[in-house]
Each structure stands twice: as structure tokens, then as C-alpha cells.
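My notes follow in the order in which I made them.

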Amino acid sequence: MASTIIFYLVFAVNLLLAGFLGWSLYDTHLIPSQYVYLAAGLLILIPLLLFLLQKEKKGQKKKTGARVAAIVLLLFLSILEGAGAYFVHQYNSKMRNVTEVHSQYTEVGLYVKNEDKAQTIEYAVERQYRVGILEGVDTEAVDHVRGNVEKQYGRTMKTVSYSSLADLAKAMRNGEIDAMLISSAYLDLIDSLEGFEEFSQGLRSLYAGSFKTEILVPPVLEHTEKNKPEDLGLRDPALWKDSFCAYVSGIDTYGPVTTRSRSDVNILAVVNTKTKTVLLISTPRDYYVPFQFSPVNGAMDKLTHAGIYGIEGSMRALGDYYELPVHYYLRVNFSGFIDIIDTLGGVDVESDADFGFDGHQYYKGMNHLNGRAALGFVRNRHSFGEGDRARGRHQMAVIKGIINGLMSSKIITNYSELLDEMAGCLQTNASRSMIGDLVQLTLDRKKGDWKVLTYSVDGYGATEYAWSLGAYAYVMVPYANNRDYARELVTQVLANEVLTQEELQTKAPKN
């Protein structure tokens with residue numbers, strides 16, 4: 001009797017574990033549904049067969065030894081299913097930390113000069129420090145942090161509004177204000193102002209707070225009978241399973257990837273899943289383009305500054321400039337860049353010249369680089385007369401190396417560790433379902449390997465008014481024919497045309 005009760009308990013537990021494992025496998029989206037259903041069916045079928053074999057017929061009793069053997073077998077299966085379910089569940093949890101991210105944080109700080117007497121925020125509030133803020137910029141975030149301070153110390157903060165970052169920085173330097181309450185993303189911008197080089201090094205923070213906002217990316221339109229793929233223009237999003245455009249951003253911070261920051265890497269990845277083709281279009285960080293969003297409202301600025309208005313600011317700036325639908329993003333910070341590449345065991349990157357930078361030597365041709373060497377490869381621009389043009393090519397070369405690494409067998413042995421590294425340094429709004437389907441497509445060798453094409457747009461240097469700075473600064477004015485050629489390439493890729501890198505470079509405009 002005791003063995004019968006134990007058998008039924010173990011049987012019930014086994015069925016639950018089999019069901020949980022089956023659901024967890026399905027939830028990864030990495031395995032085709034038919035295989036998941038088959039595996040789940042087999043996992044459930046085995047205990048059911050044991051149950052039927054152990055079921056006592058009228059007038060007969062099963063031998064205790066046979067029942068014990070069935071219990072042992074079910075326990076063994078349960079241990080395997082439990083371990084499998086645990087590891088698959090861990091994978092799903094890690095993927096949730098990386099994918100479908102729709103929020104970001106604005107870090108706001110109260111900054112005083114290093115020599116200021118104030119050592120605490122309480123000191124500054126009690127003595128009614130004059131605090132400078134930017135008018136109409138990050139208003140919600142600044143008001144949120146200011147409200148927290150005022151509530152905590154029971155005093156109203158005395159603020160002075162300035163219409164531009166340049167005016168705010170001058171007021172701080174000249175002693176017209178005692179402190180600044182601004183987003184941390186603006187500190188580097190102040191340093192880029194003429195006459196304010198390394199100004200931020202003379203400041204220290206008395207208080208820091210953060211404000212969470214949603215990333216407002218337009219939804220992808222699904223195809224319907226009234227909205228067929230062949231009827232869609234470049235201004236309308238295609239169903240991602242056929243093709244899509246994603247923004248790849250590398251932010252210039254070693255902090256959390258969810259923090260708003262300038263973007264030093266600005267690449268559009270146009271993906272055709274039918275032909276397994278990826279077109280990478282690199283745009284220099286100093287490109288002079290209009291920002292068609294609030295609070296800039298059409299004024300001209302450097303592309304890199306779009307990132308301080310959120311990831312959607314950069315997506316909008318590039319999407320508007322190229323007249324492309326950009327609905328997905330992939331953002332990585334510099335610290336994460338290093339860890340991801342090291343986890344992959346390094347990347348193979350082709351250099352077009354010999355040069356040294358930050359203690360690393362790079363040679364013309366193929367180089368195998370670890371994380372820090374790869375970071376130096378993409379950050380260096382002073383070794384080349386082309387500056388950002390060369391850096392853009394290097395960025396795409398490293399991205400191409402990462403894509404090749406992700407498609408190799410290295411990813412299988414380092415997958416769990418890779419996910420751990422990604423969780424804190426990479427974010428995307430792509431769903432796990434989308435990533436799972438792309439992984440399945442990558443593993444489908446019948447459709448061939450992915451082809452990665454690269455193109456960098458160009459321009460000429462000039463000094464123009466940058467809205468976010470409120471001052472004149474160096475910018476790169478775009479060559480219009482470069483944008484036209486980039487759009488032509490996008491059209492060809494989406495039309496399933498076969499392109500080669502050599503052909504692409506040969507036909508590119510010579511400015």
C-alpha cells in the first residue's frame with residue numbers, strides 16, 4: 001500500500017515537471033514549436049506508460065519489486081526534468097533582463113565647484129544656494145529630483161533658468177549661480193564648449209537622483225490584406241520576419257546601460273531575413289542633422305547629442321534623416337562592449353592600416369582582438385586624418401566580427417556566461433520571440449550564412465550652431481549624395497537583390 005501511494009506521488013510530480021519543462025522550452029522561442037511538442041509528448045508519455053503498467057487489474061496484484069523499479073525510474077526522470085527545467089528557466093530569466101526593455105533613466109545631479117564650502121545637500125539647501133537649471137530640457141526629471149530634495153529638507157530650492165547650456169556654464173563659471181541641477185549627460189557636453197575644456201573636472205556632486213521614463217518607439221505595423229508588403233514604402237515599417245531596421249548604439253559611459261547618454265556609435269542595421277543579408281550604415285557622431293522632436297523642434301545639432309534626449313531621440317534623428325522606419329534598437333555601453341567580446345573569446349577584425357593606440361598594436365589585415373583591444377580599435381580617431389570616418393569603419397568591422405562570433409560554435413560553450421554579461425550592459429526592445437526566430441534562422445544552414453555589408457556616409461567639417469550646446473561647435477556637414485546612395489542600398493537589400501562589398505564600394509560616391 002505504501003509503495004502504491006509513493007508511486008502516485010512521484011507520478012504526479014513527474015507530470016508537473018514534464019509540463020513545466022515543456023513550457024519553458026517553448027518559452028525560449030529557440031526551438032521550433034513542432035520539436036517542443038514532440039519532446040513534451042515523449043516526456044509525458046513515459047510516465048503514462050509506467051502508470052498503465054503499474055495499474056492493478058481486478059484480482060491481481062503487482063509485485064512490489066516492479067513498483068519500486070517504476071518509482072526509481074520516475075525519480076530519475078524527475079531529476080533530469082527538474083534540472084533541465086531549472087537551466088531553461090534560468091536562460092529565460094536572463095533573456096528577460098536583456099530583451100523587451102522599454103524604459104530608461106535620466107540621472108540628475110546637483111553640482112557645485114570643487115572649492116565650494118558645501119559638503120552636503122542639506123548645507124546648500126539651508127543656505128538657499130542659487131541653482132541653475134536648463135529651461136525646457138529634462139523638465140520632468142529635474143522637477144522630480146528637486147521635489148524629492150525639497151520634501152526631504154522642507155525648504156524650497158531657489159532656481160534660475162537658462163535658455164542654453166552655454167549660458168548655464170558661463171553663469172556657473174562667473175559665480176552668478178552656486179550650483180547646477182542638470183542631467184549628468186550634459187557634463188561632457190559642457191567640456192566640448194570652447195573655453196570650457198575639462199570644466200566638469202572642477203565640479204563635484206552633492207546629490208544624485210534618477211527619473212524613469214518610457215522609451216517611446218513607434219510600434220511595428222503588422223501586414224494585413226489591406227497592408228501588403230509590396231505596397232509598403234520606406235516610410236512604413238515592414239513586418240520584421242521579412243525585414244526590419246534596427247538602430248545600434250554605443251554610449252559613451254561606463255555606467256548602467258539604461259542611463260541616457262551621448263551616442264558615439266550610430267549605426268543602422270537593415271536586415272533582410274529572406275536573403276540573410278545585413279546592411280550596416282554608419283553615420284559619424286558629429287553629423288549635422290535636424291532633430292524633429294521636442295524640445296529641439298527642428299533645429300540643427302550633432303547626431304551624438306540626440307542620445308541625451310533618450311534612445312528614441314537617436315532613432316528619430318537617424319530615421320528622419322534617411323527616411324527609414326527604425327523600430328528596434330540595440331544599445332551597449334563601453335564596459336559591456338569589453339565583457340561581451342572577452343566572453344566570446346575575442347573577435348576577428350580586419351584593419352585597413354597599421355597603427356597603435358592605448359598600448360595596443362593593430363596591423364593591416366585580420367587581427368584577433370580581446371575586449372579592450374577592440375574598444376581601442378573603435379574609439380581611436382586621432383591616428384587617422386579621416387577622424388570619425390575611419391572610426392565608423394572600425395566600428396562596423398568590430399560589429400561584423402561580433403556577428404560572426406555569435407554565429408560560431410563559441411556561443412554554445414559560452415552562452416550562459418554571455419547572457420550574464422549582456423544583462424547589465426546591453427538592452428534592446430526586440431522580443432525574445434523575435435530573437436529566437438533569428439537564432440533558428442542562423443542555425444538553418446540550408447539558407448546559407450548571413451552576409452554583412454557595410455557603408456559609411458561622409459561629409460565635410462564646418463563650424464555651426466549646435467542647439468543642445470547653445471553655441472557654435474565643430475560639426476560634419478553631410479554630403480547629400482551619400483544619403484541618397486545609402487537609401488539606394490537599402491532599397492536593393494529589401495528588394496532581395498544580391499550585393500557584394502566590392503560592388504558596393506566601387507559604386508559609392510567619390511566626394
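I looked up Tyr 111 and found that it stands opposite Met 180 in β4. Strands β1 (residues 103-113) and β4 (residues 179-183) pair in the antiparallel sense over four bridges. I take two strands as paired if DSSP finds at least two bridges between them. Helices (H or I, at least four residues) and strands (E, at least two) are DSSP runs, numbered from the N terminus.

On provenance, I noted that this is a predicted model, in which local features need pLDDT of at least 70 and side-chain atom pairs count only at pLDDT 80 or more, while totals for chains, interfaces and linings use all residues. Residues are numbered from 1 along each chain as its sequence is written, and side-chain values use heavy atoms, with hydrogens and water left out.

I then checked the confidence, where pLDDT is the predictor's own figure for each residue, from 0 to 100. The mean for the protein is 83, and 87% of its residues reach 70 or more. Over residues 221-240 the pLDDT is below 50, and this stretch has 37 contacts in the model beyond near neighbours in sequence. A contact means heavy atoms within 4.5 Å.

**First sheet**

I traced an open sheet of five strands in the order β3-β2-β4-β1-β5, with mixed pairing. The strands β3 (158-162) and β5 (203-214) are at its edges with a single partner strand each, so one side of each has no neighbour in the sheet. The twist averages 25° from one strand to the next. Helix α5 (residues 139-153) lies across β1, β2, β3, β4 and β5, and runs at about 120° to β5. For such angles, axes are lines fitted to C-alpha atoms, for helices over the stretch in contact, and values run from 0 to 180 degrees between N-to-C directions.

Strand β8 (residues 277-282) pairs with β17 in the parallel sense over six bridges, and Ile 281 stands opposite Tyr 455 in β17.

Which residues have the most contacts inside the largest nonpolar core? They are Tyr 186, Leu 268, Leu 279 and Tyr 322, in a core of 65 residues. Such a core is a set of buried Ala, Val, Leu, Ile, Met, Phe, Trp, Tyr and Cys residues joined through side-chain atoms within 4.5 Å; buried means under 20% relative accessible area, with a 1.4 Å probe and protein chains only. Residues touched by Tyr 322 include Leu 268, Ile 281, Val 457 and Arg 483. A second, separate core of 27 residues includes Ile 338, Val 349, Tyr 362 and Ala 373.

At the start of α10, a side-chain oxygen of Asn 370 reaches to within 3.3 Å of the backbone nitrogen of Arg 372.

Notes:
Buried < 20%, exposed > 50% of the residue type's maximum accessible area, 1.4 Å probe, protein only. Polar contact = N/O pair within 3.5 Å; in protein donor to acceptor, adjacent residues only side chain to side chain. Lists of a residue's contacts leave out its neighbours within four places in sequence.
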